Amino acid sequence: MEKLSSLSRFKNSCPFLGRTKTSTLRTLTTSSSPRFPSLSQLTERATGCPIMGPALALRSNQMVSGYASLAGQADVQKIHHSKGIFPGTNPTEADIAKCPHASAARAAARMADELAAAATPKPAATPEKAAAAGGCPFHKATAATEPKIETKPAQTVPAAEPAHAFSYDSFYTAELDKKRKDQSYRYFNNINRLAAKFPVAHTASVTDHVQVWCANDYLGMGNNPVVLETMHRALDKYGAGAGGTRNIAGNSAMHLALERELASLHRKPAALLFSSCYVANDATLSTLGSKLPGCVYFSDASNHASMIQGIRHSGAKKVIFKHNDLEDLEAKLAMWPRETPKIIAFESVYSMCGSIGPIAEICDLAKKYGALTFLDEVHAVGLYGPRGAGVAEHLDFEAHKKAGESPDPVRESIMDRVDMITGTLGKAYGTVGGYVAGSADFIDMVRSYAPGFIFTTSLPPSTAAGARASVIYQKQHAGDRALKQVNVRTVKSRLAALDIPVVPGPSHIIPVLVGDAGLAKQASDKLLGEHGIYVQSINFPTVAVGEERLRVTVTPRHTAEQIDGLVKALDKVFTELGINRVRDWAAVGGRASVGVGLENVAPIWTEEQITIGGTVKTLKDGEQAVVDSRAVEVVRSAFEELLGRVDPREPTTAEKKVLRHEKTEMELLEGAMKLAADALPKRTGYVGAAVKGIEIPVASDVAVSA
């Protein structure tokens with residue numbers, strides 16, 4: 001970058017620099033010449049310039065002469081000795097390397113040789129002789145051992161070109177240039193979500209507040225008071241880290257309890273905890289595919305990168321079927337013998353388009369063709385079903401609602417028929433981590449063979465505690481996910497009324513189609529910079545080229561006023577940037593299911609199911625979010641054995657803060673009164689009325705507000 005900055009100053013005076021692209025100049029300045037390794041490709045070209053050629057030669061000789069201008073031998077020895085270097089009469093190559101002056105002089109001499117060789121085919125003078133004249137023993141040894149570059153007569157066979165090192169920086173630059181050229185380069189905004197003001201965050205400046213409309217903390221559980229309380233208690237008792245891998249000192253009661261909770265959530269015999277669901281998918285699929293003899297994976301074309309990587313790492317055969325296309329899947333399953341081990345890998349909610357996988361029908365095909373089912377519920381756990389177990393539970397809503405908290409499977413339900421379920425703790429549950437649930441032997445096999453589980457430090461106990469608290473709370477309280485669905489419907493309806501294109505789907509995902517990478521980035525930047533609304537643009541390779549979008553996520557904590565602001569801002573940005581509306585996409589035949597008459601897709605949550613959360617209503621600015629006190633007590637009781645009982649009379653964190661403030665202020669007042677009393681004249685025999693205690697008004701503890 002420094003080279004480019006320097007060169008840019010001369011673009012007006014140099015025709016070559018003026019007409020050459022910046023990316024080309026970057027490559028030339030960072031790539032070594034194949035013939036002259038000490039020179040860049042740009043410098044080699046410059047030797048042929050009638051202006052730059054002589055200038056380079058002059059400057060090179062000046063540099064060599066500068067290194068040769070040392071004082072006599074005694075002074076040189078003094079310099080070496082002051083640096084702790086004591087050369088002998090015959091310095092070695094290692095000795096020469098010790099002396100920065102000699103190393104630099106040798107480099108300058110080599111560069112001078114190569115500049116001369118590059119500029120003319122005639123033998124050039126070797127200025128390293130001048131460099132050795134200063135009396136430095138290192139320089140003398142350098143001059144004696146330095147290889148010379150000589151030109152050969154035309155009739156002789158040319159000498160082999162010297163080997164040169166690979167230019168790693170050039171490689172990095174070229175790869176990044178590719179990303180910028182196709183507009184798939186990722187930009188990372190500095191967003192710091194504020195627990196007390198969710199969904200508000202501050203940017204790089206703590207005073208610059210914005211609204212977050214693309215976070216995966218779908219229910220705001222990242223700042224739920226009982227989750228934070230549980231994490232604080234676990235942190236105080238067990239410390240910051242796990243202390244090791246699960247097999248070596250990192251297998252705590254908090255991890256085991258969380259795994260039992262997750263197994264119970266999905267009504268499976270066992271579950272296994274990972275550092276993320278990316279790791280869970282990768283580790284599980286790679287382990288299964290490498291162990292099952294002759295295994296074949298059948299993978300949905302829209303599967304997440306973690307599943308694709310896991311299948312690739314397994315070394316197993318892979319067959320890709322069209323997204324949610326049952327006919328294509330069956331045709332491909334039928335091509336393989338029934339006895340061949342097969343795994344169908346797919347998702348419940350596809351996060352970039354909002355579609356939902358046909359889980360029941362895929363289970364039918366798996367049974368027919370002797371395959372296992374691997375279901376990723378990452379964008380569904382916590383959000384669907386009466387207890388938040390995901391879409392597989394939601395599809396048998398009443399049966400699972402009736403089964404209550406029993407860990408036993410609901411026989412022949414869709415969730416029971418799925419063999420393996422993965423999920424995350426980092427989205428709807430607001431913490432971090434991933435997991436897989438299934439049969440006891442399957443889980444034990446993954447635990448015993450998966451490197452992604454065995455060789456990584458386990459999650460901190462406080463994180464595991466917070467995740468478990470969140471899972472328990474959502475199993476008990478459906479109000480958050482029900483209100484989220486209400487808010488999602490509101491936003492989709494408002495956008496449809498303005499002809500703003502939303503990729504149709506039955507889930508909570510709101511993908512606003514833009515259709516151009518540059519426009520998507522501009523729209524995201526305008527929303528953030530001009531409206532204080534953060535929505536990240538989604539480009540290739542996450543979505544197909546031409547289907548770039550803004551992925552909006554609505555939470556139960558977004559208020560009516562915030563929703564109104566989002567809709568108005570999107571409408572204004574679409575107009576200012578000239579982004580296609582639904583009618584525009586319809587005129588060109590549609591794009592990403594927009595403009596083809598599929599806009600009215602029924603949501604998976606029915607009106608009747610939404611009532612499970614009680615009376616849910618979008619919050620208004622200043623209103624407090626609902627915290628279910630019964631669910632809080634269930635969470636607290638679940639941790640009594642490990643963390644002890646929470647005394648309801650014990651002051652809360654906010655109350656303790658108020659008490660500390662009162663104590664500090666009282667000390668301040670008492671100290672000030674004492675100083676004032678000491679400064680006043682002493683009066684004897686005076687009896688005054690007793691001073692009554694002064695009540696200092698303190699703001700009452702306020703529940704987390706919207």
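The legends below describe close-up views of a predicted model. Local features are reported at pLDDT of at least 70 and side-chain atom pairs at pLDDT 80 or more, while totals for chains, interfaces and linings use all residues. Residues are numbered from 1 along each chain as its sequence is written, and side-chain values use heavy atoms, with hydrogens and water left out.

View 1. The structure contains six aromatic pairs, a pair being rings of Phe, Tyr or Trp (its six-membered ring) with centres within 6.5 Å; planes under 30 degrees apart count as stacked, over 60 as edge-to-face and the rest as tilted. The ring centres of Phe166 and Tyr168 are 5.2 Å apart with planes at 65 degrees, so this pair is edge-to-face. Both residues are exposed, Phe166 at 51% relative accessible area and Tyr168 at 52%; buried means under 20%, exposed over 50% and partly exposed in between (1.4 Å probe, protein chains only). Ring pairs join Phe166, Tyr168, Phe171 and Tyr172 into a cluster. Phe171 belongs to helix H11 (residues 168-181) and is partly exposed, at 40%; helices (H or I, at least four residues) and strands (E, at least two) are DSSP runs numbered from the N terminus.

**View 2. The ring pair of Phe274 and Phe453.** With centres 5.8 Å apart and planes at 75 degrees, these rings form a pair that is edge-to-face. The pair links distant parts of the chain, Phe274 in strand S4 (residues 270-274) and Phe453 in helix H22 (residues 451-454), 179 residues apart. Both phenylalanines are buried.

**View 3. Charged side chains over aromatic rings at Phe639 and Tyr187.** Arg468 lies over the face of Phe639, 4.7 Å from the ring centre. The criterion is NZ of Lys or CZ of Arg within 6 Å of the ring centre and within 35 degrees of the ring normal. Arg468 also takes part in a salt-bridge network with Glu261, Glu405 and Lys475.

**View 4. Salt bridges between helices, including that of Arg636 and Glu229.** The whole structure holds 24 salt bridges, each a side-chain nitrogen of Lys or Arg within 4 Å of a carboxyl oxygen of Asp or Glu. Arg636 and Glu229 meet at 2.7 Å, N to O. Arg636 lies in helix H29 (residues 629-638) and Glu229 in helix H12 (residues 225-238), so the bridge ties together parts that are 407 residues apart in sequence. Arg636 is partly exposed, at 22%. In the bridge of Asp364 and Arg417, the closest N and O atoms are 2.5 Å apart. Asp364 is in helix H17 (residues 359-369) and Arg417 in helix H20 (residues 414-417), 53 residues apart. Asp364 is partly exposed at 41%, as is Arg417 at 25%.

**View 5. The salt bridge of Lys526 and Glu576.** The two side chains meet at 3.1 Å, N to O. Lys526 in helix H25 (residues 517-531) and Glu576 in helix H26 (residues 560-577) are 50 residues apart. Lys526 is buried, at 18%, whereas Glu576 is partly exposed, at 40%.

**View 6. Surroundings of Ser355, including Asn324.** Ser355 is located in the loop between strand S7 (342-347) and H17 and is buried, at 14%. Leaving aside residues up to four places away in sequence, Ser355 touches His323, Asn324, Ser348, Val349, Tyr350 and Pro506; contact means heavy atoms within 4.5 Å. Asn324 has a positive phi near 60 degrees and lies in the loop between strand S6 (317-321) and helix H16 (326-333). Asn324 is partly exposed, at 24%.

**View 7. Cis peptide bonds at Pro199 and Pro541.** Most peptide bonds are trans. A cis bond joins Phe198 and Pro199, with omega about 10 degrees; Pro199 is in the loop between strand S1 (192-193) and strand S2 (200-202). Phe540 and Pro541 are likewise joined by a cis bond, with omega about 10 degrees. Pro541 lies in the loop between strand S13 (537-538) and strand S14 (549-552).
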